[in-house]
Amino acid sequence: MFKQFAALTLAIALGFGHAAPAAATDLDNLSAAERAAFRAEVRAYLLENPQVLMEAIAVLEQQQAEAEVNRDSVAVAANADALFGSAFDVVVGNPEGDITIVEFMDYRCSFCRRAHPEVMDLINFDGNIRLIIKEFPILGEQSVLAARFAIATRVAHGDAAYFAVHDALMNMRGDISIPAFEALAAALDLDGAAIIAAMNDPLVQATIDYNYALGQELAITGTPSFVFGDQMVRGYVPLDGMQQIVAMLRESAN
């Protein structure tokens with residue numbers, strides 16, 4: 001930690017025209033006295049010029065953000081088949097859309113619930129977006145239970161029924177439970193018993209495990225997390241922000 005801080009502050013001092021002791025430039029070979037003197041000089045400089053440290057931190061944060069974007073882009077490219085072409089996923093919107101969005105979501109995530117109507121508005125208003133839903137239950141047993149019920153609906157009744165259940169679960173309030181699923185299925189005129197039986201189908205757990213593994217590859221630790229084209233976008237984004245991202249992707253493609 002000292003070596004990193006010393007290198008940063010030495011660079012600051014040199015960058016602003018302050019000379020540093022020759023011995024201080026070899027940070028691995030400082031004597032105890034030289035180290036103490038260097039610390040005192042750095043401290044005095046920063047006390048006289050505190051804004052310099054803030055400027056350096058801002059530059060460091062920008063560099064870290066750019067590095068994260070680059071890492072995400074590499075990870076998205078390396079996992080493109082799993083992201084965009086998996087048989088485990090349901091596609092919503094325009095299957096031939098020019099922009100593909102992947103959403104990693106959890107039914108108990110408040111920001112996923114907040115994003116859901118805005119994502120649907122984006123899909124419906126635009127008309128040329130392909131949305132892939134990734135069940136990614138990370139907020140406890142009820143999250144896993146809801147994901148299993150949604151996937152089991154697809155197993156039992158197909159993609160259209162899955163999305164109807166997905167939408168209903170996003171809007172469900174109260175505890176997630178088997179009786180609640182039975183009531184939800186009845187309200188949607190679906191065979192709830194068949195869906196609940198399908199929750200034990202190996203394909204259900206395989207879908208969740210596949211998404212967990214993909215999330216690990218992409219360093220996803222929270223929901224919602226999105227992939228817009230080749231860009232990772234972590235966290236909730238309002239409708240106008242999503243529209244701006246889509247517009248930029250289209251502009252860069254032309």
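**Figure 1. The whole chain, shown as a predicted model.** The accessible surface of the protein chain comes to about 13,200 Å², and 56% of this surface belongs to carbon and sulfur atoms. The model is a predicted one, and its secondary structure comes to eleven helices and five strands. Of the 254 residues in the protein chain, 40% are buried. When contacts between residues at least 6 apart in sequence are considered, 74% of them join residues at least 24 apart.

Figure 2. Rolling a probe the size of a water molecule over the atoms shows where empty space is left. In this chain the count comes to one cavity of 30 Å³ or more, and about 70 Å³ of space lies in the largest cavity. Its lining is made up of F88, D89, V90, I133, K134, E135, I151, R154, Y162, T207 and N211. Which elements each supply at least two residues of the lining? They are strand β3 (129-135), helix α6 (141-157) and helix α10 (202-217), and the largest share, three residues, comes from β3.

**Figure 3. Close-up of I151, a residue in the lining of the largest cavity.** I151, which is among the residues that line the largest cavity, lies in helix α6. Is I151 buried or exposed? Because its relative accessibility is 5%, and buried means under 20%, I151 counts as buried. Leaving aside its neighbours within four places in sequence, I151 is in contact with E135, Y162, V204, T207 and I208. Of these contacts, E135, Y162 and T207 are also named in the lining of the largest cavity. The C-alpha atoms of I151 and I195 are separated by 8.9 Å, although these two residues are 44 residues apart along the chain.

Figure 4. Most residues other than glycine have a negative phi, and most peptide bonds are trans. In this view, however, a cis peptide bond joins T223 and P224, with omega at about -5°. P224 lies in the loop between α10 and β4 (225-228), and T223 is found in that loop as well. With a relative accessibility of 15%, T223 counts as buried. Leaving aside its neighbours within four places in sequence, T223 is in contact with F104, M105, D106, C109, C112, F136 and I138. A219 is found in the loop between α10 and β4 too; its phi is near 55°, a positive value in a residue other than glycine. At 46% relative accessibility, A219 counts as partly exposed.

Figure 5. D189 lies in the loop that runs between α8 and α9 (192-198). Its phi is near 60°, which is a positive value in a residue other than glycine. Is D189 buried or exposed? D189 counts as exposed, because its relative accessibility is 72%.

Figure 6. V233 is found in strand β5, which takes in residues 231-234, and with a relative accessible area of 13% V233 is buried. Apart from its neighbours within four places in sequence, V233 is in contact with S225, F226, F228 and I245. The C-alpha atoms of V233 and D72 are separated by 9.1 Å, while the two residues are 161 residues apart along the chain.

Figure 7. The place of N124 is in helix α5, and at 58% relative accessibility N124 counts as exposed. From C-alpha to C-alpha, N124 and N94 are 9.3 Å apart in space, whereas in sequence they are 30 residues apart.

Key: Residues are numbered from 1 along each chain as its sequence is written. This is a predicted model: local features need pLDDT of at least 70, side-chain atom pairs count only at pLDDT 80 or more; totals for chains, interfaces and linings use all residues. Side-chain values use heavy atoms; hydrogens and water are left out. On a 1 Å grid over the protein atoms alone, a cavity is a set of points where a 1.4 Å probe fits but cannot get out, and a pocket is an open set with protein on both sides within 12 Å along at least five of seven lines; lining residues have an atom within 4 Å of a point. Grid points are joined across faces, edges and corners, and a volume is the space filled by probe spheres set on the points. Helices (H or I, at least four residues) and strands (E, at least two) are DSSP runs, numbered from the N terminus. Buried means under 20% relative accessible area, exposed over 50%, partly exposed in between (1.4 Å probe, protein chains only). Contact means heavy atoms within 4.5 Å. Accessible areas come from the Shrake-Rupley method with a 1.4 Å probe; for residues, only the protein chains shown count as cover.
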